[in-house]
Amino acid sequence: MFFKYLQSLFLELRFAISFLTLLPVSPKAKLDEKIISDSLAFFPFAALFFSLLSAGFIYLNTFIDNQLVLAFLIISSHALLSGGLHLDAVMDSHDGLACSDRARDEIVRVMKDSRAGAFAVIALFFTLSAQLIFISQADYSSSLYLYLLILVPVLSRIFMVLELVFFVNPKKLDVKSSLLTFVQVSKFKALILGSLVILALVYFYPHTKICILVFVFIALVFSILFYRFLNYKLKGQNGDSIGCGLVVNEVFMYLLIFVFSNLS
């Protein structure tokens with residue numbers, strides 16, 4: 001029984017990694033819906049691959065010593081690893097925001113349209129530009145800000161999980177929504193695993209930990225407010241708005257690092 005449970009956890013982890021990245025680890029066999037839904041709890045662990053990329057490029061930058069190159073490598077590698085999934089969500093969501101005064105069905109139709117509107121292109125440009133500027137212009141003389149830079153991908157996905165677990169009502173989702181399966185996740189498992197990841201990351205930082213906790217708190221409050229904004233303007237949530245929230249949360253955290261590092 002215990003071995004079967006461990007096998008189930010391993011399948012959930014593999015599905016989470018394959019869903020968030022292009023890594024070829026997806027289980028071959030057809031998975032039970034329960035495994036797919038509970039894989040949401042492992043999204044923070046899948047996000048560690050993005051953090052490892054950031055850490056690797058930070059180490060490489062000790063030889064290159066060019067923060068603009070560092071920012072470009074982090075942004076482009078994250079986009080490649082995810083297959084541009086969430087950047088596409090940013091574009092679709094802003095197309096939806098451009099017609100947010102219409103009925104929900106019309107907003108969803110616009111968001112699902114494969115053609116990118118002007119607002120989508122503008123949103124993508126500003127999103128990538130903001131990431132490039134905030135990462136490249138931060139002051140990394142303190143190891144704290146490099147560590148926070150590594151944490152950003154994990155935190156953004158933890159906040160995404162919290163949104164799906166505690167704020168998205170499955171009864172208000174569209175019948176064909178890709179979120180319907182994920183919102184059935186065990187709330188206890190998602191909360192415990194997400195909390196363990198945060199506590200572990202805070203614990204392993206060798207210096208003052210209160211700064212990390214303050215950073216996480218500010219970013220969490222912003223995440224909740226921004227997801228509420230998207231929910232209000234788009235008259236509900238879907239996969240695109242959740243992905244858009246993830247990217248905007250990352251931009252905000254890069255902004256926090258930029259502001260705090262240059263003020264300290």
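Biologist: Where is Ser39 found?
Modeller: This is a predicted model, and in it Ser39 sits in the loop between helix H2 (33–38) and helix H3 (43–46).

Biologist: Is Ser39 buried or exposed?
Modeller: Ser39 is buried, because its relative accessible area is 0%, and the cut-off for buried is under 20%.

Biologist: Which residues is Ser39 in contact with, leaving aside its neighbours within four places in sequence?
Modeller: Those are Glu12, Phe15, Ala16 and Phe182.

Biologist: And what is Leu40 in contact with, again leaving aside neighbours within four places in sequence?
Modeller: Leu40 is in contact with Val161, Leu164, Val165, Phe182 and Val185.

Biologist: OK, on to the cores. Which residues touch the most other members of the largest nonpolar core?
Modeller: That core has 42 residues, and the ones touching the most other members are Leu40, Phe43, Met160, Leu164, Leu230 and Ile242. Helix H1 (residues 2–20) gives the most to this core, with six residues.

Biologist: How many residues are in the second core?
Modeller: The second, separate core has 39 residues, including Leu70, Tyr147, Val154 and Val251.

Biologist: Now the aromatics. How many aromatic pairs does the structure hold?
Modeller: There are 13 aromatic pairs. One of them is Phe19 with Phe43, which is stacked, at 5.8 Å centre to centre and 20° between the planes.

Biologist: Where in the chain are Phe19 and Phe43?
Modeller: Phe19 is in helix H1 and Phe43 is in helix H3, 24 residues apart, so the pair links distant parts of the chain.

Biologist: What sort of aromatic pair do Phe125 and Phe126 form?
Modeller: Phe125 and Phe126 make an edge-to-face pair, with 5.5 Å centre to centre and 75° between the planes. Both Phe125 and Phe126 are exposed.

Biologist: Which residues form one aromatic cluster?
Modeller: Phe15, Phe19, Phe43 and Phe182 do. Two of those names came up for Ser39 as well, which is in contact with Phe15 and Phe182.

Biologist: Switching topic: how many cavities of 30 Å³ or more does a search of the whole structure find?
Modeller: The search finds one. About 170 Å³ of space lies in the largest cavity.

Biologist: Which residues are closest to its centre?
Modeller: His78, Ala79, Leu87, Gln131 and Glu250 are the closest, out of 16 residues that line the largest cavity.

Biologist: And which elements give two or more residues to that lining?
Modeller: They are helix H5 (67–82), helix H6 (85–98), helix H8 (118–137), helix H9 (143–166) and helix H13 (239–263). H5 gives the most, with five residues.

Biologist: How do the lining residues divide?
Modeller: The lining of the largest cavity has ten nonpolar, four polar and two charged residues.

Biologist: H8 was in that list. What is Phe119 in that helix doing: buried or exposed?
Modeller: Phe119 is found in helix H8, and it counts as exposed because its relative accessibility is 52%. Not counting residues up to four places away in sequence, Phe119 touches His94, Asp95 and Ala98.

Biologist: Where is Gln237?
Modeller: Gln237 is in the loop between helix H12 (210–233) and H13. At 4% relative accessibility, Gln237 counts as buried.

Biologist: Which residues is Gln237 in contact with, leaving aside neighbours within four places in sequence?
Modeller: Arg104, Glu163, Val168, Leu173, Leu179, Tyr227, Arg228, Leu230, Asn231 and Ile242.

Biologist: What about Lys235, where does it lie?
Modeller: Lys235 lies in the loop between H12 and H13. At 41% relative accessibility, Lys235 counts as partly exposed.

Biologist: What is the phi of Lys235?
Modeller: Lys235 has a positive phi of about 60°, although it is not a glycine. Most residues other than glycine have a negative phi.

Biologist: And what is the phi of Asp65?
Modeller: Phi of Asp65 is near 55°, a positive value in a residue other than glycine. Asp65 is in the loop between helix H4 (48–64) and H5, and it is exposed, with a relative accessible area of 65%.

Conventions
Residues numbered from 1 in each chain as written. Predicted model: local features only at pLDDT ≥ 70, side-chain atom pairs only at ≥ 80, totals over all residues. Heavy atoms only, no water. Core = buried A, V, L, I, M, F, W, Y, C linked by side-chain atoms within 4.5 Å. Buried < 20%, exposed > 50% of the residue type's maximum accessible area, 1.4 Å probe, protein only. Helix = DSSP H or I, 4+ residues; strand = E, 2+ residues; numbered from the N terminus. Contact = heavy atoms within 4.5 Å. 1 Å grid on protein atoms, 1.4 Å probe; cavity = no way out; pocket = protein on both sides within 12 Å on 5 of 7 lines; lining within 4 Å. Points joined across faces, edges and corners; volume = space filled by probe spheres on them. Nonpolar A, V, L, I, M, F, W, Y, C, P; charged D, E, K, R; others polar. Phe/Tyr/Trp six-rings, centres within 6.5 Å; stacked < 30°, edge-to-face > 60°.
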